[in-house]
Amino acid sequence: WSSKASSRRLYSARDYARDFQGYLTENPKPAPQVVKEVTVAIGRNLEEAKTHLAAMKKDFAAEAGAIAAIESIEKKLVAVHEHHLKLCECCENENFEVIKTIECCNNLASELDTIVAEHDALMLKLVRKPGVPTAKR
């Protein structure tokens with residue numbers, strides 16, 4: 001479950017960043033409720049992905065190389081959190097700059113593209129054969 005859940009959260013955070021970037025292109029003065037919804041949703045998805053990645057380390061502890069790969073993703077997720085904070089700062093700035101905010105969205109989404117690709121590659125390596133149980137927690 002943790003692998004699918006972390007994947008969903010990473011994709012969702014990335015999609016929110018991309019969608020918000022498109023929204024800002026069409027709406028240079030975004031509605032405050034949209035800004036709040038997007039920044040909160042991205043943050044929540046990143047936090048939940050972090051939680052599920054930690055669970056994955058337990059679930060796949062016996063898999064060769066899995067822990068190192070998951071920890072690599074976790075390290076990249078730290079950088080994504082920084083991009084998320086920058087996006088929040090851009091959105092909270094009194095002198096809202098749409099170009100700077102679009103750039104923040106692009107940087108966030110690009111980092112997430114890298115993480116999603118790494119996570120997807122890991123999932124292909126960790127595909128379980130039918131009937132093989134995962135490690136007990």
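This is a predicted model: local features need pLDDT of at least 70, side-chain atom pairs count only at pLDDT 80 or more; totals for chains, interfaces and linings use all residues.
Let's start with a handedness: helices α1 and α4 cross in a left-handed sense. Two packed helices are described by the angle between their axes and the distance between the axes. Here, α1 covers residues 2-26 and α4 covers residues 98-125, and their axes come within 9 Å and cross at roughly 155°. Angles over 145 degrees count as roughly antiparallel, and α1 and α4 are therefore roughly antiparallel to each other. If you sort the residues where α1 meets α4 by class, you will find 15 nonpolar, 9 polar and 4 charged.

From here, let's turn to the interior. In soluble globular proteins, nonpolar side chains tend to be buried together. In this model, the largest nonpolar core has 33 residues, and F20, L77 and L87 are those with the most contacts inside it. Helices α1, α2, α3 and α4 each supply at least two residues of this core, with α4 giving the most, 11 residues.

L87 is worth a stop of its own. Leaving aside residues up to four places away in sequence, L87 touches F20, T39, I42, T101, C104, C105 and L108. One of these partners, F20, is also among the core residues with the most contacts.

Finally, follow the chain into the loop between α1 and α2 (32-59), where you will find N27. N27 and H119 are 92 residues apart along the chain, and their C-alpha atoms are separated by 33 Å.

Notes: Residues are numbered from 1 along each chain as its sequence is written. Side-chain values use heavy atoms; hydrogens and water are left out. Axes are lines fitted to C-alpha atoms, for helices over the stretch in contact, and angles run from 0 to 180 degrees between N-to-C directions. Helices (H or I, at least four residues) and strands (E, at least two) are DSSP runs, numbered from the N terminus. Angles under 35 degrees count as roughly parallel, over 145 as roughly antiparallel, 65 to 115 as roughly perpendicular and the rest as oblique. A crossing is left-handed if the near helix is turned anticlockwise from the far one by less than a right angle, and right-handed if clockwise. Ala, Val, Leu, Ile, Met, Phe, Trp, Tyr, Cys and Pro count as nonpolar, Asp, Glu, Lys and Arg as charged, and the others, Gly among them, as polar. A nonpolar core is a set of buried Ala, Val, Leu, Ile, Met, Phe, Trp, Tyr and Cys residues joined through side-chain atoms within 4.5 Å. Buried means under 20% relative accessible area, exposed over 50%, partly exposed in between (1.4 Å probe, protein chains only). Contact means heavy atoms within 4.5 Å.
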